[in-house]
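Hi,

Here is the structure I promised to pass on. Have a look at it first, and then read my notes below.

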Amino acid sequence: AKCGSCCLRDIEAKLHLFCGCGVALIIIALVVILAIHARLLITNNLSRFTQTKKSITAETVLLEDLGVFKLPSGLQEPPHMSDLDPNVLIEVGRKDIDAVHSEALIHIGAWIFVTDADGLFLLIQRGPELVTCPNAWGIVGEHTTPDEEPIETAKRGISEELGDDLLDEIKSIQNLTETPQYLVFDWGHRVDRQLTYIWHAQLGKRHEDLHLVLDDEVANHKWLDMDKLKKQLRKEINGTHEVFCVPTETEYYVNMINTTKLPPER
């Protein structure tokens, strides 16, 4: 009997010890799990912070990455839509795009007329949230960043607004004017003074065979032949800019384009 009693007490002691160890292990496991979870939260938050910081930094660089210029002393401001040698401009610094327009500062940019293999013109509709010409139709346009060659601006404009795939479809790209054009637009709330390179990019495929990835600021697109394009432009030369953003200027430069139909690719 004494032996049995001793055995029971021994078993109870071991059970207590086992239970105590089990509870301890459970507690340790919970602590480890909580520690891992906390570490993951910290890592994720740091990752998000880093990505946000990179995004903000990239946006800041982009917004401040416009060179601004002035005319040399004694040179009067050229009239709208006139030739201007870029070598006469004097760079005076860099400012964000809002300051460039609100202060009516001279900057550099590009207009790009895009046609397909059939000679149809690509028109893009500006998004409703844009400050200038919301919902109006127009062509591809882009601002030039410092140290960027004019042809690089044209290609970047096509890539950003229409997608990278379209760069591979360019058959030819050329200036429509020997000298970039000095364009001045007074929108009321801001003035746009831009030395503009006017480009024509002809694609090697018909538009049905092209893959476009439109930018968020582009609401829609369509392809028109020369006659239909001019008819639409002439409806808007009254200056309302409600349907087409800059009709008079667009018609002037579109008349310089030879829309030769390309032979089908083999």
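**What I found**

Cys133 sits in the loop that runs between β5 and β6 (137-138). Its phi is near 50°, which is a positive value in a residue other than glycine. Cys133 has a relative accessible area of 8%, so it counts as buried. There is another residue of this kind: Met81, with phi near 65°, again positive and again not a glycine. Met81 belongs to the loop between β1 (66-70) and β2 (82-83).

Before going further, please keep in mind that this is a predicted model.

**The overall picture**

The protein has five helices and eleven strands. Of its 266 residues, 37% are buried. If you take the contacts with a separation of 6 or more, 70% of them are between residues 24 or more positions apart.

**Helices α4 and α5**

I'd start with this pair. Helix α4 covers residues 226-235 and helix α5 covers residues 247-254; they pack at an angle of about 150°, and their axes are 9 Å apart. That angle is over 145 degrees, the cut-off for roughly antiparallel, and α4 and α5 are therefore described that way. The crossing of α4 past α5 is left-handed. On the α4 side, the contact is made by Met226, Leu229, Lys230, Leu233 and Arg234, while α5 brings in Pro247, Thr250, Glu251 and Val254. Sorted by type, the residues of this contact are five nonpolar, three charged and one polar.

How much of α5 is buried? Six of its eight residues are, so α5 is largely enclosed by the rest of the structure. The buried ones are Pro247, Glu249, Thr250, Glu251, Tyr253 and Val254. As for what covers these buried residues, the list includes α4 along with the strands β4 (106-115), β5 (121-126), β9 (181-186) and β10.

**Salt bridges**

There are eleven salt bridges in the structure, and I picked out a few for you.

- Glu148 and Arg156 are joined through their side chains, with N to O at 2.8 Å. Both Glu148 and Arg156 are buried. Glu148 and Arg156 also belong to a network of salt bridges that links them with Glu142 and Glu160.
- Lys205 pairs with Glu169, and the closest N and O atoms are 3.5 Å apart. This pair ties together distant parts of the chain, 36 residues apart: Lys205 is in the loop between β10 (191-203) and β11 (218-224), and Glu169 is in the loop between α3 (150-162) and β8 (170-175). With a relative accessible area of 28%, Lys205 is partly exposed.
- Glu208 and Arg206 meet in a salt bridge too, at 3.5 Å from N to O. Glu208 is partly exposed at 47% relative accessibility, and Arg206 is partly exposed at 42%.

**Two more residues to look at**

Val100 is part of helix α2 (residues 97-102). Is Val100 buried or exposed? Its relative accessibility is 0%, so Val100 counts as buried. Leaving aside residues up to four places away in sequence, Val100 touches Leu66, Val68, Lys95, Leu105, His107 and Val191.

Lys155 and Leu167 are twelve residues apart in sequence, and from C-alpha to C-alpha they are 7.0 Å apart in space.

Cheers

How values were computed. Residues numbered from 1 in each chain as written. Predicted model: local features only at pLDDT ≥ 70, side-chain atom pairs only at ≥ 80, totals over all residues. Heavy atoms only, no water. Axes fitted to C-alpha atoms, helices over the stretch in contact; angles between N-to-C directions. Helix = DSSP H or I, 4+ residues; strand = E, 2+ residues; numbered from the N terminus. Parallel < 35°, antiparallel > 145°, perpendicular 65-115°, else oblique. Left-handed = near helix turned anticlockwise from the far one by under 90°. Contact = heavy atoms within 4.5 Å. Nonpolar A, V, L, I, M, F, W, Y, C, P; charged D, E, K, R; others polar. Salt bridge = Lys/Arg side-chain N within 4 Å of Asp/Glu carboxyl O. Buried < 20%, exposed > 50% of the residue type's maximum accessible area, 1.4 Å probe, protein only.
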